[in-house]
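Here is a quick briefing to read with the structure open beside you.

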Amino acid sequence: MRLRSTLTVSFRALRRNVLRSLLTALGIIVGVGAVIAMVSIGNGAKSVVEAQIASLGENVLLVFSGSFNQGGARSGAFGAGTLTVEDAEAIKREVTTVIGVSPEVRTSAQILANGLNWSTQILGEGADYLSIRVWPLSDGVMFSEADVRSVGKVCVIGQTIATQLFPEGSAVGQTLRIKAQPFKVVGILAAKGLSVQGQDQDDLVIVPYTSAMRRVSKQTMLRSISVQASSPDTMTLAQNDIVALLRQRHRTAEGSDDFTVRSQVEIAQAATATADTMTGLLGAVAGVSLIVGGIGIMNIMLVSVTERTREIGIRLAVGAHGREIQLQFLTESIVLSVLGGSIGILAGIGASELVSHLKGWPTLVSPTAVVIAFFFSAAVGMIFGYYPARKASLLDPIDALRYE
Amino acid sequence: MSAVVKLEDIHRIYDSGEVKVHAVRGVTLELHKGEFMAVMGASGSGKSTLMNTLGCLDRPTSGRYLLDGVDIAGLDRNELADLRNEKLGFVFQGFNLLARTTALENVELPMLYGRRRISHRDMQERAEHCLEIVGLADRADHFPSQLSGGQQQRVAIARALANNPQVLLADEPTGNLDSKTAIEVMGVFQKLNAEGITIVMVTHELDIAHYCRRNLIMRDGKVVSDIAVTDRLIADEELRKLREAETAAKLTA
């Protein structure tokens with residue numbers, strides 16, 4: 001088969017009517033562009049959520065009071081506290097696969113220092129908290145177990161607090177007042193920046209949970225317990241053990257638990273499940289538009305074949321084989337769809353970059369999606385171009401030459 | 001010298017269900033190299049069918065056709081296509097050039113379908129050469145829409161020459177041209193014939209037929225007359241006469 005000539009012939013034919021070629025390819029361009037853009041934006045959103053979940057720490061299990069339905073809706077969670085400090089201590093004591101436990105209480109309060117005041121969030125945590133969260137310090141140290149046991153008036157502050165209340169010099173060693181009680185700053189947290197929801201993660205003060213419960217907010221129940229498992233492999237075991245232990249302690253049974261234990265992975269999955277569904281749906285819709293683009297190609301190729309009946313007659317008269325005519329039109333169809341696919345890929349990347357830029361969402365162009373889209377558009381050209389090409393190849397030269 | 005074209009008792013019957021049309025009823029003829037034959041006849045005389053048979057575009061219902069010694073009966077569709085590509089050149093009444101394609105690319109067309117691979121440069125050279133023969137070397141990059149009817153037909157003739165054919169088949173080549181341009185085109189044919197190219201032309205115009213060397217007349221599917229042209233017209237002379245007449249008219253008008 002004279003491949004080089006066929007390509008030459010096909011390109012010349014497409015070149016003859018550039019506008020029509022472009023309009024025909026438009027369906028594919030839009031279809032592929034849409035698929036790439038949707039998948040990229042979806043992947044970007046997913047990666048942000050995953051990063052957020054990952055920033056929860058390493059091998060983390062979260063225990064919180066209240067029940068939590070499967071969709072991730074928070075009804076009654078963190079509500080009427082049912083978790084106690086004793087629960088946390090029991091977990092630390094009895095579940096062997098657990099290497100760190102941090103009971104948590106939360107409140108907001110106004111803090112004062114250097115004559116300045118600031119309203120912020122006060123987290124009461126255990127001494128293990130920073131290692132569970134894998135949150136480094138930029139200065140100073142974390143408070144110790146001893147501080148927790150002695151209900152110490154010590155705290156670790158976020159970068160925002162440090163810059164707002166202690167603009168001069170290091171905040172470490174200085175004092176701030178929470179609810180008229182002096183707390184010594186022993187450490188400053190490394191910056192984390194804004195969360196995906198737009199909250200300032202550096203705007204907080206961490207004190208021992210005992211101090212928070214006794215001195216700051218007078219709570220008796222815990223909001224949640226952060227637990228760190230020894231390794232990714234032991235997480236399931238740890239999760240099951242914690243559930244069993246708490247059921248025993250709270251005298252509840254499956255289905256009527258007043259607490260929930262979620263692993264980091266499950267939280268991530270729940271959060272990304274919606275994103276996945278959305279991406280899948282959008283991708284499917286874009287895929288449909290790709291099919292429509294293919295039908296558009298077939299339509300135009302059929303019209304083209306009819307229009308060029310005379311031309312086909314000349315080619316046959318001059319010595320073209322039926323197969324070559326078929327190959328010529330099939331090539332035209334494939335060239336159109338592949339060109340359209342390539343432009344579509346570029347357009348899709350461009351569109352997702354634009355969305356990134358305008359909305360501040362990250363996008364992740366997936367190479368897999370690009371490769372699949374490329375081959376898919378080639379396939380569309382092949383499938384939808386076949387029938388018109390075959391029709392062209394079966395023309396009788398005499399009839400074709402006589403065609404008006 | 002053996003015949004380039006040999007037809008032996010050719011019959012062609014069209015059977016389109018209802019009516020059987022016996023278009024060609026037993027034609028036997030020979031064509032030798034260098035001949036210049038005109039096939040004439042009224043509508044329905046079978047001349048188009050005969051041309052289609054000669055052009056290997058249609059198979060006879062019965063009879064034998066030998067083109068340059070090759071019996072076409074044993075050839076399949078693709079082999080016939082190759083035969084057309086290598087041995088024949090076609091010129092049509094409606095020129096049938098590819099639109100929005102340069103004259104040069106139009107002439108290259110038969111070479112693209114040749115069995116032998118020709119390099120891009122060789123193709124271009126040969127195409128330019130063919131355009132030179134018909135006197136259009138300076139219009140190689142023009143599109144058909146930029147050429148007059150006569151020029152388009154000459155490009156078509158150049159295309160027919162691309163693969164150095166044995167026989168040039170022309171179907172009413174001057175049908176769409178005015179009388180002066182028609183003579184110019186006949187001049188090209190005569191020039192080619194003088195260089196040894198065999199030409200078969202269908203025409204219904206008597207004066208055009210007189211530019212050829214042999215006249216075949218068909219009626220009802222049979223050859224009723226096959227004679228050599230006696231009072232042959234020479235294109236160059238006729239053009240000169242025409243120019244003189246025009247000048248004379250301008251002088252007196």
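Helices (H or I, at least four residues) and strands (E, at least two) are taken as DSSP runs and numbered from the N terminus. Keep in mind that this is a predicted model, in which local features need pLDDT of at least 70, side-chain atom pairs count only at pLDDT 80 or more, and totals for chains, interfaces and linings use all residues. Residues are numbered from 1 along each chain as its sequence is written, while chains are lettered from A and ligands numbered from 1 in the order in which they are written.

- As background, most residues other than glycine have a negative phi, and most peptide bonds are trans.
- B:Asp9 is not a glycine, yet it has a positive phi of about 50°.
- You'll find B:Asp9 in strand E1 of chain B, and it counts as exposed because it has 12 C-beta neighbours inside 10 Å.
- B:Glu172 also has a positive phi of about 50° without being a glycine.
- B:Glu172 sits in the loop between strand E7 (167-171) and helix H6 (179-194) of chain B, and it is partly exposed, with 19 other C-beta atoms within 10 Å.
- For those labels, buried means 20 or more other C-beta atoms within 10 Å of the residue's own, exposed means 12 or fewer, and partly exposed is in between, with C-beta atoms placed from the backbone.

**The sheet around E1 in chain B**

- Four strands of chain B make an open sheet in the order E2-E1-E4-E5, with antiparallel pairing; two strands pair if DSSP finds at least two bridges between them.
- The edges are strand E2 (20-31) and strand E5 (70-71) of chain B, each pairing on one side only.
- E1(B) and E2(B) run antiparallel and are joined by 9 bridges, with B:His11 opposite B:Arg25 in E2(B).
- These strands, E1(B) and E2(B), form a hairpin with 4 residues between them, and B:Gly17 in the turn has a positive phi of about 90°.
- Strand E1 (residues 5-15) and strand E4 (residues 62-67) of chain B are also antiparallel, joined by 5 bridges.
- In E4(B), B:Arg64 is the bridge partner of B:Glu8, and B:Tyr65 is the bridge partner of B:Leu7.

**A helix pair in chain A**

- Helix H9 (residues 264-307) and helix H12 (residues 367-393) of chain A pack at an angle of about 25°, their axes 9 Å apart.
- That makes H9(A) and H12(A) roughly parallel to each other, and H9(A) passes H12(A) in a right-handed crossing.
- "Roughly parallel" covers angles under 35 degrees, with over 145 roughly antiparallel, 65 to 115 roughly perpendicular and the rest oblique.
- A crossing is right-handed if the near helix is turned clockwise from the far one by less than a right angle, and left-handed if anticlockwise.

**Where chain B meets chain A**

- Here 19 residues of chain B are in contact with 18 residues of chain A, where contact means C-beta atoms, placed from the backbone, within 7 Å.
- Helix H2 (77-87) and helix H3 (103-112) of chain B are the elements that give two or more residues to the side of chain B that touches chain A.
- H2(B) gives the most to that side, with 6 residues.

Definitions and conventions
Two residues are in contact if their C-beta atoms, placed from the backbone, lie within 7 Å. Axes are lines fitted to C-alpha atoms, for helices over the stretch in contact, and angles run from 0 to 180 degrees between N-to-C directions.
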